[in-house]
Amino acid sequence: MLGTSAGSWTASALALGLTYEDLRELEAPSVPDLRAGVLADLARQLFGEARSPLVAVSAVCVRTGRRHILDGGRHPLADLVAASSAVPGLLAPHRVEGRLYVDGGVRSATSIDAAREADRVIVVAPLAGPVLGPVGRVAELLLRLELRRWRASHPRSSVTLIRPDREVARVVGLRPLALFDAARARDVYPLACAQGLRCGSLLTRTGSPWASSAARVDPVATAA
């Protein structure tokens with residue numbers, strides 16, 4: 001699993017078998033909060049010093065501006081999620097192996113272009129589509145360009161894109177800072193969970209184009 005920003009938390013939680021109930025117990029910091037270590041301390045409450053080779057995250061090196069893909073088998077997951085989700089101006093950069101990093105979303109919302117070759121790739125893009133109005137529309141445009149390039153270089157792979165439906169988008173609203181609103185997150189969760197179950201059913205349904213592994217290239221599918 002390759003996670004970016006909040007996706008790094010999700011990938012790490014899945015790798016360790018944690019659930020939403022574990023995550024909701026955390027007290028997220030108010031933003032802006034530029035104290036060093038705030039995110040890492042929060043992440044260690046959840047992940048401890050666990051590592052997992054199933055997880056990789058994207059983060060942007062402060063010194064060079066280049067995106068790095070950091071390996072969860074080499075570094076504690078708490079350090080990786082702190083680096084990948086340190087939104088510039090809102091949360092302090094985090095240091096991994098001597099380098100300071102900020103949110104991987106500065107470079108790409110999903111880093112699909114860095115995904116390993118696979119028969120099937122599922123891209124979950126919570127900031128694309130109808131969510132956050134113009135922000136989501138721009139994010140989806142950039143994401144589809146990345147997807148097109150990835151598919152061109154991996155013609156035997158299939159790609160499925162899942163992004164928030166309109167009901168989720170309505171609750172999230174248009175303000176980007178709403179993404180840090182814990183109460184709103186609790187309202188969104190059951191809607192997102194229901195959408196996830198619908199998408200999972202489509203992915204496993206016999207005869208569905210989403211479930212077909214024989215196709216050389218599946219169309220990018222959106223769950224809207």
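Let me begin with a convention: helices (H or I, at least four residues) and strands (E, at least two) are DSSP runs, numbered from the N terminus. Read along the sequence, the elements of this protein follow the order β-α-α-α-β-β-α-β-β-β-α-β-α-α. That pattern comprises seven helices and seven strands.

Two remarks on the source are in order. This is a predicted model, in which local features need pLDDT of at least 70 and side-chain atom pairs count only at pLDDT 80 or more, while totals for chains, interfaces and linings use all residues. Residues are numbered from 1 along each chain as its sequence is written, and side-chain values use heavy atoms, with hydrogens and water left out.

I turn to overall dimensions. The C-alpha atoms fill a box of roughly 50 × 35 × 35 Å, taken along the principal axes. The radius of gyration is taken over C-alpha atoms, and the globule rule is 2.2 Å times the number of residues to the power 0.38. For 224 residues, a compact globule would have a radius near 17 Å, and the protein agrees, with 17 Å.

Contact means heavy atoms within 4.5 Å. Among contacts between residues at least 6 apart in sequence, 65% join residues at least 24 apart. Accessible areas come from the Shrake-Rupley method with a 1.4 Å probe, and for residues only the protein chains shown count as cover. The protein exposes about 12100 Å², of which carbon and sulfur atoms supply 56%. Buried means under 20% relative accessible area, exposed means over 50%, and partly exposed lies in between.

Which residues of helix α3 are buried? They are V38, L39, A40, L42, A43, L46 and F47. With seven of its 10 residues buried, α3 (residues 38–47) is largely enclosed by the rest of the structure. Its buried residues pack against α1 (6–15), α2 (20–24), α4 (77–84) and β4 (94–96). After α3 comes G48, with a positive phi near 60°.

Helix α1 has its own buried residues, namely S8, W9, A11, S12 and A13. These pack against β1 (2–4), α3, β2 and α4. Just after α1, G17 takes a positive phi of about 75°.

A nonpolar core is a set of buried Ala, Val, Leu, Ile, Met, Phe, Trp, Tyr and Cys residues joined through side-chain atoms within 4.5 Å. The largest such core has 26 residues, and those with the most contacts inside it are W9, L39, A43, F47, L70, V96 and Y101. To this core α1, α3, β2 (56–61) and α4 each supply at least two residues. Apart from it lies another core, of 11 residues, among them V123, L143, V159 and L161. Returning to W9, its contacts, not counting residues up to four places away in sequence, include L39, A43 and F47.

Next, the charged pairs. Side chains of opposite charge can pair when their charged atoms come close. A salt bridge is a side-chain nitrogen of Lys or Arg within 4 Å of a carboxyl oxygen of Asp or Glu. The count by this rule is 11 salt bridges. In one of them, the side chains of R35 and D33 meet at 2.6 Å, N to O. R35 counts as exposed, at 56% relative accessibility, whereas D33 counts as buried, at 10%.

E49 forms a salt bridge with R44, their closest N and O atoms being 2.6 Å apart. R44, E49 and D79 are linked in a network of salt bridges. R67 forms a salt bridge with D113, where the closest N and O atoms are 3.0 Å apart. This pair links distant parts of the chain, 46 residues apart: R67 is in strand β3 (residues 67–71), and D113 is in the loop between β5 (99–103) and β6 (120–124).

Finally, the surface. Patches are made of residues with over 30% relative accessible area and no salt bridge; like charges are joined within 9 Å, and nonpolar side chains (Val, Leu, Ile, Met, Phe, Trp, Tyr) within 5 Å. L127, L177, L179 and F180 form a nonpolar patch, with about 320 Å² of accessible area together. Of these, L177 lies in the loop between α6 (166–172) and α7 (182–204). L177 counts as partly exposed, at 44% relative accessibility.

Terms used: Buried means under 20% relative accessible area, exposed over 50%, partly exposed in between (1.4 Å probe, protein chains only).
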